[in-house]
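Subject: Structure for your review

Dear colleague,

My notes on what was found in it follow directly after.

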Amino acid sequence: MSTTLCLHPRWLIPVEPAGLVLENHALVMQGERIVAILPSSEARTRYANAEHHTLSEHALLPGLINLHAHSAMSLLRGLADDLALMDWLNNHIWPAEGKHVSDQFVFDGSVHAMAEMIRGGTTTVNDMYFHHEAVARAGISAGMRTVVGCSVLEFPTGYGINADDYIKKALHAREQFVGEPLVSFTLAPHAPYTVADETFRKIITLAEQLEIGIHCHIHETRDEIDASLKQYGVRPLERLRNLGLLGPNLVAAHVVHANDAEIALLARHGVHIAHNPASNLKLASGFARVAALQAAGVNVGIGTDGAASNNKLDLLADLRLAALLAKAESGNPQAVPAAKALEMATLAGARALGMDAHIGSLRAGKLADIIAVDLSGLDSQPLYDPISQLVYASSREQVSHVWINGRAVLADRELCTLNAGQIQARAHYWRERIATH
Ligand SMILES: CSC[C@H]1O[C@@H](n2cnc3c(O)ncnc32)[C@H](O)[C@@H]1O
Ligand SMILES: [Zn+2]
């Protein structure tokens with residue numbers, strides 16, 4: 001019988017229903033699951049033999065879900081800054097990836113990113129990269145819930161040769177991790193400008209057969225739309241609709257540029273959006289119309305994108321940015337209020353991944369992906385509203401504890417599953433290799 005852990009936080013924020021804050025309540029977990037949320041006093045009698053842990057000045061909430069990341073790109077952080085997307089990719093990132101990306105690079109970079117994410121309260125990452133087995137192994141080492149997005153492009157990158165080869169590698173990788181509780185797979189056609197119609201059709205069929213999701217960069221820049229109009233005579237979203245890609249198993253990363261008709265189209269097809277506010281600002285891609293998307297009923301989660309375009313992997317910072325940007329972009333201070341921002345980084349992400357029955361909120365029966373944020377410091381005072389404090393005034397350093405699938409991966413701000421010193425050493429190793437070649 002697994003041990004029973006009973007957490008007694010100052011504030012318990014289940015996220016579902018939005019805005020609810022429970023005081024004098026406890027959360028009970030057993031094995032990988034939350035088994036009860038009940039008044040603290042009742043928990044102490046009903047679970048008298050359990051391990052009780054008081055978090056007297058902390059908020060307890062569901063783990064954050066990073067809906068769009070390229071974890072291994074942590075090793076390319078700061079390599080090429082202050083550039084627009086296509087210059088950044090064509091002239092800097094793709095050449096560097098061509099030279100350096102290997103199984104070991106992806107494992108080291110992914111572990112590094114996961115350590116950083118866990119320390120900031122992220123418990124699930126929806127990744128998209130190469131060397132899928134290495135990403136999955138990194139997730140298992142970190143104890144992090146990992147959705148491995150298997151990239152598909154038409155051209156060689158050092159990992160695959162052509163679209164069929166990338167797809168073959170994706171299917172092979174997926175087979176290696178069947179039954180692994182923390183790891184799942186998606187097919188990740190890179191973008192409309194790097195993937196041909198025929199490949200999109202193959203991916204749609206395969207995803208349907210395997211019952212897995214699709215993850216794709218879409219409408220990230222104006223250049224992408226102009227190029228599509230020139231090559232295909234239609235904007236990318238119309239092309240993808242015609243191909244049959246739009247549906248509830250699609251996570252569309254970015255969607256910075258969408259007109260009213262396209263927003264209605266996304267809503268009609270139940271497409272999920274991974275909004276990446278920091279990356280969109282840094283690459284000068286533009287301002288996603290988050291308020292309009294949400295008003296139309298589109299589910300919008302939050303991603304960091306890779307550390308080479310963010311340059312941090314700090315979801316708490318980015319959910320604050322998402323809330324602030326939505327207000328400025330829409331001219332409406334009520335756009336994305338604090339509780340909505342928190343929902344975007346948790347439950348909306350879970351919904352986008354088809355995992356909302358299992359993660360994304362604190363509820364009996366769900367998996368125990370949980371974080372504690374210390375609100376005792378002067379930066380959090382005076383504290384009128386813990387959700388406001390979390391979203392508008394907290395920083396990643398305040399994340400004190402993280403459990404994933406019921407297992408402690410951060411305790412009193414110390415990593416439990418990973419060795420920070422070793423991760424640093426690997427980062428130095430890669431820095432030397434990359435900077436001198
Ligand atoms: C197919 S996933 C890996 C591939 O995508 C590149 N990439 C990283 N960030 C972005 C972005 O914001 N837009 C488009 N492509 C991006 C990454 O360097 C890999 O080559
Ligand atoms: Zn990306």
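A word on the annotations comes before anything else: UniProt positions are given in the numbering used here, feature names are shortened, and annotations may be inferred rather than shown by experiment. With that in mind, one "binding site" annotation, from an unreviewed UniProt entry, covers E97, H190, E220 and D305.

The model is predicted, so local features need pLDDT of at least 70 and side-chain atom pairs count only at pLDDT 80 or more, whereas totals for chains, interfaces and linings use all residues. Residues are numbered from 1 along each chain as its sequence is written, and chains are lettered from A and ligands numbered from 1 in the order in which they are written.

Annotated sites

A further "binding site" annotation in the unreviewed UniProt entry covers H68, H70, H217 and D305. These residues span 238 residues in sequence, yet no two of their C-alpha atoms are more than 11.8 Å apart, so they gather at one spot.

H68 is part of strand β6 (residues 64-69), and H217 belongs to strand β10 (residues 213-218). D305 sits in the loop between β13 (299-302) and α12 (315-330), while E97 is in helix α2.

A residue is called buried if 20 or more other C-beta atoms lie within 10 Å of its own, exposed if 12 or fewer, and partly exposed in between, with C-beta atoms placed from the backbone. H68 counts as buried because it has 28 C-beta neighbours inside 10 Å. D305 is buried with 29 such neighbours, H217 with 26 and E97 with 21.

Two residues are in contact if their C-beta atoms, placed from the backbone, lie within 7 Å. The contacts listed next leave aside neighbours within four places in sequence:

- D305 touches H68, A69, H70, N276, S279 and N310.
- H68 is in contact with N126, A253, A274, N276, G303 and D305.
- H217 meets H190, A191, A253 and H254.
- E97 contacts T157 and G158.

Helix α2 (residues 85-100) bends by about 40 degrees at I93, and the proline P95 follows within four residues. The bend at a residue is the angle between axes fitted to the seven residues ending there and the seven starting there. The buried residues of α2 are L85, L89, I93 and E97. An α-helix has 3.6 residues a turn, so residues three or four places apart point the same way.

In helix α3 (residues 103-119), 15 of the 17 residues are buried, so this helix is largely enclosed by the rest of the structure. The end C-alpha atoms of α3 are 24 Å apart, which agrees with the 24 Å that 17 residues should span at 1.5 Å a residue; the expected span is 1.5 Å times one less than the number of residues. After α3 comes G121, with a positive phi near 95 degrees.

Domains and core

The domain assignment gives domain 1 (4-63 + 360-405) and domain 2 (64-352); such bounds come from an automatic or database domain assignment. The C-alpha centres of the two domains lie 29 Å apart. Their contact takes 23 residues from domain 1 and 31 residues from domain 2. On the side of domain 1 that touches domain 2, the elements giving two or more residues are β14 (370-374), α14 (386-393) and β15 (399-404), and α14 gives the most, with five residues.

The largest nonpolar core has 137 residues, and those with the most contacts inside it are L60, M114, L319, A322, A341 and L342. Helix α13 (residues 338-352) supplies the largest share of this core, 10 residues. Both domain 1 and domain 2 give residues to this core, so it lies between them. A nonpolar core is a set of buried Ala, Val, Leu, Ile, Met, Phe, Trp, Tyr and Cys residues joined through C-beta atoms within 7 Å. Not counting residues up to four places away in sequence, A341 touches L319, A322, A323, V336 and V391.

With kind regards
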